[in-house]
Amino acid sequence: MNLLNSRWGRLLAGGALTILLGSVLSGCTVLSDPKLLMKQPMMSMDKERLLTIVQKEQPPESQLIRPKDLNNTSMIRVADLDGDGTREAIVFYETPSENVRIHGMLLEEQGDTWVKKLTFDVPGNTLQSFKLLDITNDGNPDIVLGVSLEAQKALMAYSYKGGALEQVMGGVPYNQLIIDDLQGNPLDLNGDKKNDFAIVSLNTSGFASIALYQYDDGSFKEVDRIQTDYTVKEFYNALGGQIAKDKVGIVLDAELDDRSTFTQIVYVKDNKLVYAFNSPDQTYRDDKILSGDFNNDGIIEFGLKETPRGWEHYVFDARMWFYTFYQWNGKDGKDFVSFQYRDDANAFHLNLKTDWYGKVTIDTKSEKGKYIRFKMIDTDETVGEIKYFTLTKWEQEKGKGWKEITKSNDRVIAYRSAQSANNDGGLLDNMSHLNRKEELNE
């Protein structure tokens, strides 16, 4: 399938864009993308100079825009797009009063300044994502965009060659796009040493299709496609990368309805997409949990919500919970990796010692938003506590073994470990509930 032959492709009008605009300016700022630019990063003065030039070159009444993708909201990306040893910078701006709202600008580094080379129109109302990745397998990064037109998202891509911008992908609708791993590197899902990507689409009935694409013989071809035999409301998270030891694939977190979610893992075998789990049962939960690499071993984990011992007879809304994380074992099951306690308001996530799993519970006398006691199941020994303090009370108690987890305008949440737990008490560290990559670019 050639992706240029689509509604989005026709909207993009005309395959190769060769708009060459030359005007030399001084000034500068770069938001260098470290995933693609394995050179020494630009200094702050260079960044300021590039930004100054960009602001001079953008049309009056326009404004620079960032992609909505929270994993990388960088406004300007820099890379050598055509492999000639000279860096290019890409930025997007918006003209809300015009029929075409989104426009791209490409600048080239020339000595100690940057020169605008071309501008191009981008169909759609919103810039969803912006990546520089080699998806045409020519050794140079392509400009890969996710845009939205009304309620529909579409993927498109451009290659910069010989001073001209060529549209290599005319746009294909998607709900979720899996095109790079957690470190921002291109994916090779079928193991043929060529970069590829997957697109997830939902039809109006709620059935999903997952398609594998790869660039071949001048266009993007659909390698394989599978359909789900169950309906989902939404795929709220999609990741690519290591899904088990020595196995690459994609991880999809899906909502079945307003409360129920599950994770599906997909990999490629003999150029065919394969589900790791035959049904959602092994990954089902009644909470929206994001998958991710929680133990930093390079393998993606999915989360479940489990009832601590002693809380089985409490109604769901009154229970406290452990959030447990598993990896697919590469066969037909899952392996436990880690677990944590989460505040109901998502104010914090607190990791627990992995060897405590199955041995520790939460005292049923604990009160949400007030006091939590972790204890050994067999001995009732206290191994850790979490307490919610007023600011006044915290000033009185903070020197008594309590360690601050998080602080707001009116309270402090802190934990204290039992001495017998060797000071760390197994309460390892406070981690952000967002679990997002640090923004490295501007």
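**View 1. Aromatic ring pairs in the predicted model.** The model holds 22 aromatic pairs. Rings of Phe, Tyr and Trp (its six-membered ring) pair if their centres lie within 6.5 Å; planes under 30 degrees apart are stacked, over 60 edge-to-face, and the rest tilted. This is a predicted model, where local features need pLDDT of at least 70 and side-chain atom pairs count only at pLDDT 80 or more, while totals for chains, interfaces and linings use all residues. Residues are numbered from 1 along each chain as its sequence is written, and side-chain values use heavy atoms, with hydrogens and water left out.

**View 2. Tyr-230 and Phe-262, an edge-to-face pair.** The ring centres of Tyr-230 and Phe-262 are 5.4 Å apart, and the planes stand at 85 degrees, so the pair is edge-to-face. Tyr-230 belongs to strand β15 (residues 219-231) and Phe-262 to strand β18 (residues 261-269), so the pair ties together parts 32 residues apart in sequence. Strands (E, at least two residues) are DSSP runs, numbered from the N terminus. Tyr-230 is buried, at 13% relative accessibility. Phe-262 is buried too, at 0%. Buried means under 20% relative accessible area, exposed over 50%, partly exposed in between (1.4 Å probe, protein chains only).

**View 3. Tyr-341 and Phe-348, a tilted pair.** Here the centres are 6.2 Å apart and the planes at 45 degrees, so the pair is tilted. Both Tyr-341 and Phe-348 are buried.

**View 4. A cluster of rings.** Ring pairs connect Phe-277, Phe-302, Phe-322, Tyr-326, Phe-336, Phe-339 and Tyr-357.

**View 5. Charges over rings.** The charged end of Lys-247 sits over the ring of Tyr-267, 4.8 Å from its centre. Arg-342 lies over the face of Tyr-323, 4.7 Å from the ring centre. The rule: NZ of Lys or CZ of Arg within 6 Å of the ring centre and within 35 degrees of the ring normal.

**View 6. An open sheet of four strands.** The order is β16-β17-β18-β19, with antiparallel pairing. Strands pair if DSSP finds at least two bridges between them. β16 (234-244) and β19 (272-275) are the edges, each with a single partner strand, so one side of each has no neighbour in the sheet. Nine bridges join β16 to β17 (residues 247-255). Phe-235 stands opposite Ala-254 in β17.

**View 7. Confidence along the chain.** The protein chain averages a pLDDT of 85, and 85% of the residues score at least 70. pLDDT is the predictor's confidence in each residue, from 0 to 100.
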